[in-house]
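This report concerns the aromatic rings of one protein model and the contacts made between them.

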Amino acid sequence: MNLKMTALAMYSLRLIPFLALTINSSTPVFAGVDDYPTSIAGCRNRSNPRGPIITADLKDAKQDTLIDPWGEFNRECTSMAAWRLQSRNGFKMPFSAYAIDWKVNAQALHIYTIDNTPALGSIAWWASGHVAWVEAINGTQVTIEEYNHDPKRRGTYSERTIQSKLVTNFIHFKDIGQSNTEPLYRLSNDSIGQHFYTIDANERAVLLNSGSWRDEGIACHVQTSSANGWVPFTRWRNTSTQGHLYTCDPAEINALQGDPWDWVRETDMGYVCLPTSTQPSGTVDIFRFCCDSSGDHFYTENVSEIGGVLGNGNGSNGTYRGEGPSAHVWP
């Protein structure tokens, strides 16, 4: 951002850039987007299950022609669920089985809870023979991600929100965080080069209906309460550029409050953990990047996006300079 030499600007200059990247907003990878692996080691050809272990494209190969690293057939609901558990929850499946047998196999191990209460990162299981990964919870509804649910589009990704009572059971292998979480939505506006974040589904809908903003899914999850040391994730608007800054840092908040002519505190967006605090188990860091030429602040917890390192690192010419971890959040 082209900051004036305010207290905030002096504070920002002390931040040590650790990374620069060019954001390709058309291909974000996070919850709500199909990131089922196109290249992953530990696979085998189903036609030769005792053959060599290979690196394979599970997503684009014909359905059921590959055995994935978890012993499931590619592009099946079980393969997607196992992938989500490992990539999001940090959990490797202790067995491979048809979806209809996941419950009985989990029960046989006597260490996993199986109930009718959804949790972020739990597995939705149907007695009819289907599994899905729980992406978000909103009251009596759950949003799930899955493969091979639509009979008209076999072996493909889908995301849907349903009543949790429609799920036979929820299997808790290694849940992510707590149930009192809500999604932080990310949107982008290419014409002004800005990203926008909100927990308000109505605000998100208004922006999307305007035709100027593009949906980029869920950036992360934040808590709905301040229990156990979680602090507000504040949103500030610059009165000159109309760009936004999101922070939980007390020093940065004080600097923003000391510059009321340039910055207005719009709202709080749930609760997060300070990046300098002890990291709660299951949380991840969300990193902040700044593009000085557009004034955009970009936040991501996704390693695939962070890894897109390009540019000269000074925040100009469309590149983003890293400003370090902004908070501990739920993925």
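In this predicted model, Phe 95 and Phe 173 are both buried. The structure holds 18 aromatic pairs, and two of them are described here in detail.

The ring centres of Phe 95 and Phe 173 are 6.1 Å apart and the planes meet at 55°, so this pair is classed as tilted. Phe 95 belongs to the loop between α2 (77-89) and α3 (102-109), while Phe 173 belongs to the loop between β10 (169-172) and β11 (181-189); the pair therefore ties together parts that are 78 residues apart in sequence.

For Phe 233 and Tyr 299, the ring centres are separated by 6.2 Å and the planes stand at 85°, so the arrangement is edge-to-face. Since Phe 233 lies in strand β14 (residues 231-238) and Tyr 299 in strand β18 (residues 296-300), the pair ties together parts that are 66 residues apart in sequence. Phe 233 and Tyr 299 are both buried.

Ring pairs also build a cluster, whose members are Phe 91, Phe 95, Trp 102, Tyr 112 and Phe 173. The tilted pair of Phe 95 and Phe 173 thus has both of its residues in this cluster.

| Charged residue | Ring | Distance to ring centre |
|---|---|---|
| Arg 46 | Phe 73 | 3.8 Å |
| Arg 204 | Tyr 185 | 4.6 Å |

The charged end of Arg 46 is placed over the ring of Phe 73, and Arg 204 lies over the face of Tyr 185.

Conventions: Residues numbered from 1 in each chain as written. Predicted model: local features only at pLDDT ≥ 70, side-chain atom pairs only at ≥ 80, totals over all residues. Heavy atoms only, no water. Phe/Tyr/Trp six-rings, centres within 6.5 Å; stacked < 30°, edge-to-face > 60°. Helix = DSSP H or I, 4+ residues; strand = E, 2+ residues; numbered from the N terminus. Buried < 20%, exposed > 50% of the residue type's maximum accessible area, 1.4 Å probe, protein only. Lys NZ or Arg CZ within 6 Å of the ring centre and 35° of its normal.
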